[in-house]
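Have the sequence and the 3D view open as you go.

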Amino acid sequence: MDYLSEKIRVIVQQLSLLRQSEPEPLEGVTYLPAGYKASNTPPEGNWMPWSREDTIRGKDAHYWFHVSFAAPPAQEGRQLFFQLETGCNSVWDAVGPQSLLYLNGEMVQGLDVNHQEVLLTPGQAYDAYLYLYTGPNELAAQCRMELTWLDSAVNGLYYDLKVPLDAAGCLDKESEDYWRILRALERAVQLVDLRSPRSEAFYKSVDAARTCLREEFFQKECGRQAPVVNCVGHTHIDIAWLWTLAQTREKAQRSFSTVLRLMEQYPEYKFMSSQPQLYQYVKEDAPELYQQILQRVREGRWEVEGAMWLEADCNLPSGESLVRQILHGKRFMQEEFGVDSHILWLPDVFGYSAALPQILLKSGVDQFFTTKISWNEYNKLPYDAFLWQGIDGSEVFTSFGTARDMPKPGEWDIHTTYTGTTEPTMVQGTWDRFQQKEFSDQTVITYGFGDGGGGPTRHNLETQRRTAWGLPGLPRTRINTAEDYMAQLEADLRARAAEAGRIPRWVGELYLEYHRGTYTSIAKNKRNNRKSEMLLHKAESLAVLADALCGRTYPREELRGLWQTVLLNQFHDIIPGSSIHEVYEDSDRQYAQVLDQGQRLSGQALEALAGQVSGQGLLVYNPLGFARSGMVSCGGVQYWAEDVPAMGWRVIPLKQAEASKVKAAPGSLENEFYRLELDNTGAISSLVDKRADRELCLPGCRLNELQVFEDFPRAWDAWEISAYYKDKMWVADQVASLEVVEESTRKGIRMVKPYGDSAITQTIYLYDRSPRIDFETEVDWHQRHQLLKAAFPLDVHASQAAYEIQFGHVLRPTHRNTSWDEARFEVCAHKWADLSEDGYGAALLNDCKYGYSAEGSVLKLSLLKSATHPDPEADQGRHTFTYSLLPHSGGFRDGGVVQEAYGLNQPLQAVPAAGGGTLPETFSLASCAQPGVILETVKLAEDGEDLIFRFYEAYDRRVRADITLGVPFDSVTVCDLLERPVETPELQVSGQTVTLPVRNFEIVTLRVRRS
């Protein structure tokens, strides 16, 4: 460090010591241990004396503290603060002690390691209650409540000197800007008289130094730089993670109250927060606080954005779930705040589906912001401001946050943060990291501590006031909203693109090269999600049928509540499996309620229909949007139901079940489609497709080999699978027992395979009339740090595999030619993945799994992961799931893979029908003549009695879709995903059939006015 900067630094240090008075302890403090508070009223109980030397202990523990005091009289040029010291300043803010202060009966502010002071009014009497949470870990904390004075003039000079000095540290010491700053600072420090601190002479010197800096430096030497780093105040709050939902409700109150108090002290301060779920919590738990937020929203200082109900994972939820995330999120923001949200705000989500751009645009969301993609393990995305094109061709403007400190020499400058600061090193680092300087001079820092850290601090705001001048050599900062920043950046990008004739564009998924284990961790949670999504589809369609045909009232509010529970559990640290054990205890209870209520609603509607049909026998209901045949069970008896109409039913006669024609022996199965042989390990040593006369098993390999891999990732245990996991593998190759299972429509081989402390029970089924090969599996798992996969080395030549995503599919390479290909060694898919050559292939279906890998001709499905952090009991215990192999001629389209995968996940359902009613024996609520157009959702409109039908094109083709409706109607309108009409001149209606053009992967929503 040079002589001049060292000289200035020492003066800054001295001023720092003089900014604040010695704390004055508050006496007469009492305390009371407590649980989660039920209201803002302190509880009654045996309040005990509290000493400053006492400590509190406990995991997830709560305490109330009380003290009454009279604030001292006002002092000129000073501000009086209540101060809390817990002795835990070195503890990470998200899991450290956090408190909420009540003064004279009103909630005032949150306190944490970043926010330790609350501004008071001198001379006023206070009755103070402090509600303190120790954090989710075993922690010893103090509770020292004090009063302290802040000297405004000295504090101002401290920042006037410190921030430019820090800025100079970001510059080349040989640059003119560096010396311009230091010369100005030296002139100011020469005026500071430290001989008698807090004397009249001292304060005159402080004023003189500040005047010198303002007139000679800030006003004359600053502001020459064009680049702007926009500062958006923010606090990222995980709905659950290392804490439960109950604690999140408290974190929201603490953080939001802190924001409001700082707004009173800093008129320029603006703040942005997403996630209606958080606002709903505050509205329920702290209505007075909620009203204050509403007022700041009306003033334009509190920005409500984000589009979704919460910051959801974007890999695992279904397409319809993503639609509901936006539908529920935007509806809440509009109804509560009068805001039409149009930015998808997902700073911390683990990858972004290529279906998202279309979903966003059709929901009135035209911009997208994230930061997490910078966590890539191998490759740096080439753009930070660009158009993102999805699988259907839709494009949405996208901004990647580039906030980061200036990198150290040799450091890879890829990672950025969504919990930034306003420090000069981050202002400069953020601009340096921005890759689209050709197109714009605007970038952004989202600044503020998250996860209970309370958001922006006084230090952030004081620092920004100085960087706002545009210090020599650095970009200037500007307090801004996300909306205005995104609008300016997009305008710049499009204007420059019009001049240059080129624009940054990324086509396809935004795959995060990290956190690949989130496709598999906490398997029960992913199963519950899939089952709940499918059940709610069925419940809604049955409710529509019962409403239209039986006069039963559509249970709108109950279904809406069930959907919101599912949406809540799709938060990006819940459904990925990256939360603590207690979070999944809550989630289990919530999903159990969804499944119970959903089945009740479905059952009631189905019973109502069965009671009014004319035919006698079994009413077989098909919840899917295409006709199909399949197995149903009723009363423990299996039946084969042929050609059940789309989203409708067929009544089939009750008759004696026939024996299955499948040939089964302890080591082999055969039906009209396949001849299958097992070896002594229970894997498939031969699988001949009799239709194509070809062997599917790659020579020298076995199909359905259950492989176990050592799983100790480099970091982020539950989140991650590191590429070296493949280096150490074992096979579950022991068979303890094996038996033939005979049923009326299928036969199978059931085997029990011990592995370590675990047991895998699996039944391989062949059907009389279905080409699907099912692997019904129950695992009692007691391994840790071991990854279980089912491997299918197929004798199929393919350089790419197809994977289902929301509302379509993507193609990914099966080779590792480039670093981008190599990074995709584990990928996310929904109900199927397919490996096909020209004329033949095979698909691997599942009913609740998401992690796949394909390398060469080997297709694998990840079954269990069993990490130990943050949940030491992750994936321990019983799991049930089914996956299926579907060999086929042609590609996956010709092979009916999409339809078979839906069928595996949404079985036919049967109930007895007595007959004698007026409803027909067969009925279809809606169907489409084109097999690649998948009718998926039928529901009542959010705002009326119209019917909503949603379908999508699944094959990447342009078609004219013929949709036939089973109920009379007066009009049909194409609408967006928010159920608002859109112009569609090519829609034609003939009788009960609606015809319209549908583009590749297009999602189409019809709004039908019933007669």
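Trp92 is partly exposed, with a relative accessible area of 42% (buried is under 20%, exposed over 50% and partly exposed in between, with a 1.4 Å probe and protein chains only). Please keep in mind that this is a predicted model, where local features need pLDDT of at least 70, side-chain atom pairs count only at pLDDT 80 or more, and totals for chains, interfaces and linings use all residues. Residues are numbered from 1 along each chain as its sequence is written, and side-chain values use heavy atoms, leaving out hydrogens and water.

**Around Trp92**
- You will find Trp92 in the loop between strand 6 (78-85) and strand 7 (98-103); strands (E, at least two residues) are DSSP runs numbered from the N terminus.
- Beyond its neighbours within four places in sequence, Trp92 is in contact with Trp241 and Leu242 (contact means heavy atoms within 4.5 Å).
- From Trp92 to Leu381 the C-alpha distance is 30 Å, and 289 residues separate them in sequence.

- Six strands form an open sheet in the order 33-32-38-45-44-41, with antiparallel pairing; strands pair if DSSP finds at least two bridges between them.
- Strand 33 (729-731) and strand 41 (827-828) are at the edges with a single partner strand each, so one side of each has no neighbour in the sheet.
- Two bridges link strand 41 to strand 44 (residues 851-855) in the antiparallel sense, and Cys828 has Gly851 of strand 44 as its bridge partner.

**Strands 39, 42 and 43**
- Strand 39 (residues 800-805) runs antiparallel to strand 42 (residues 832-837), joined by three bridges.
- Six bridges pair strand 42 with strand 43 (residues 840-846), again antiparallel.

Definitions and conventions:
Helix = DSSP H or I, 4+ residues; strand = E, 2+ residues; numbered from the N terminus.
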